[in-house]
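Me: I'd like to talk through a structure with you, bit by bit. Could you take my questions as they come?

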Amino acid sequence: DVTEIEEKEAQAKQEEQIMKEQELSNLLHEKKYLKALGLAISLDRPHTVLMVVKAILKETDGRKHLEENIVRLRKDQKEAVLTFLVTWNTNSRNCHEAQAVMETLLKHEAPDSLLQYSGIKSAVESLLPYT
């Protein structure tokens, strides 16, 4: 019978998730935005990433801080943010944040490197009608 083992594994996963949520909350409170972005992306939480972006933009020199943080993300994290911002851009409440992130990506990434992103074609096709 493996039921008990499976239950322990599920409980361990749930506890790990709660720990990550608490860590994310602490990072936001401490204004460690780069780590918060990375953790929210790894948890696959588009809304949380959006909240981090909004928090950065509310800071003094928010655009500058946003650029600094987005540029320091790994390629796979930037790809994830790109897929998130496609959804954000369709909502008028979140389109400004999506445009700010998109501007940063377009400014700091070479066109050849952007073409290497997975899903870039569909992302551009989805962004065009709303941009």
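This is a predicted model: local features need pLDDT of at least 70, side-chain atom pairs count only at pLDDT 80 or more; totals for chains, interfaces and linings use all residues.

Me: OK, what is phi of Asp-61 near?
Reply: Phi of Asp-61 is near 55°, which is a positive value in a residue other than glycine. As background, most residues other than glycine have a negative phi.

Me: Is Asp-44 buried or exposed?
Reply: Asp-44 has a relative accessible area of 53% and is therefore exposed, the cut-off for that class being over 50%.

Me: Back to H2 itself, then. How many of its residues are buried?
Reply: Helix H2, residues 33–42, is mostly covered, with seven of its 10 residues buried. Those buried residues are Tyr-33, Ala-36, Leu-37, Gly-38, Leu-39, Ala-40 and Ile-41.

Me: Is Thr-48 buried or exposed?
Reply: Thr-48 is buried, with a relative accessible area of 15%.

Me: Changing topic, how many aromatic pairs does a search of the whole structure find?
Reply: The search finds one aromatic pair. The rings belong to Phe-84 and Trp-88, and because their centres are 6.5 Å apart and their planes stand at 40°, the pair is tilted.

Me: Where do Phe-84 and Trp-88 lie?
Reply: Both lie in helix H5, four residues apart, which is about one turn of the helix. Phe-84 is buried at a relative accessible area of 6%, and Trp-88 is buried as well, at 4%.

Me: Now charges. How many salt bridges are there in the whole structure?
Reply: A search of the whole structure finds 11 salt bridges. Among them is the one in which the side chains of Lys-8 and Glu-4 meet, at 3.6 Å from N to O; these two residues both lie in helix H1, four residues apart, about one turn of the helix.

Me: Are Lys-8 and Glu-4 buried or exposed?
Reply: Lys-8 is exposed, with a relative accessible area of 53%, and Glu-4 counts as exposed at 52% relative accessibility.

Me: What about Glu-16 and Lys-20?
Reply: The side chains of Glu-16 and Lys-20 meet in a salt bridge of 3.5 Å, N to O, and this pair too lies in helix H1 with four residues, about one turn, between the positions. Glu-16 is partly exposed, with a relative accessible area of 46%, and Lys-20 is partly exposed, with 27%.

Me: Which residue does Lys-107 form a salt bridge with?
Reply: Lys-107 forms a salt bridge with Glu-103, the closest N and O atoms being 3.9 Å apart. Since Lys-107 and Glu-103 are four residues apart in helix H6, about one helical turn separates them. Salt bridges that share partners join Arg-63, Glu-67, Glu-103 and Lys-107 into one network.

Me: Last topic: what volume does the largest pocket have?
Reply: The largest pocket has a volume of about 190 Å³. The elements that give two or more residues to its lining are helix H6 (95–108), helix H7 (111–115) and helix H8 (120–127).

Me: Which residues line the largest pocket, and how do they divide by class?
Reply: The lining of the largest pocket consists of Leu-82, Met-102, Leu-105, Leu-106, Leu-114, Leu-115, Ile-120, Val-124, Leu-127, Leu-128 and Thr-131. By class, that lining has 10 nonpolar residues, one polar residue and no charged residues.

Note on methods
Residues are numbered from 1 along each chain as its sequence is written. Side-chain values use heavy atoms; hydrogens and water are left out. On a 1 Å grid over the protein atoms alone, a cavity is a set of points where a 1.4 Å probe fits but cannot get out, and a pocket is an open set with protein on both sides within 12 Å along at least five of seven lines; lining residues have an atom within 4 Å of a point. Grid points are joined across faces, edges and corners, and a volume is the space filled by probe spheres set on the points. Ala, Val, Leu, Ile, Met, Phe, Trp, Tyr, Cys and Pro count as nonpolar, Asp, Glu, Lys and Arg as charged, and the others, Gly among them, as polar. Buried means under 20% relative accessible area, exposed over 50%, partly exposed in between (1.4 Å probe, protein chains only). Rings of Phe, Tyr and Trp (its six-membered ring) pair if their centres lie within 6.5 Å; planes under 30 degrees apart count as stacked, over 60 as edge-to-face and the rest as tilted. A salt bridge is a side-chain nitrogen of Lys or Arg within 4 Å of a carboxyl oxygen of Asp or Glu.
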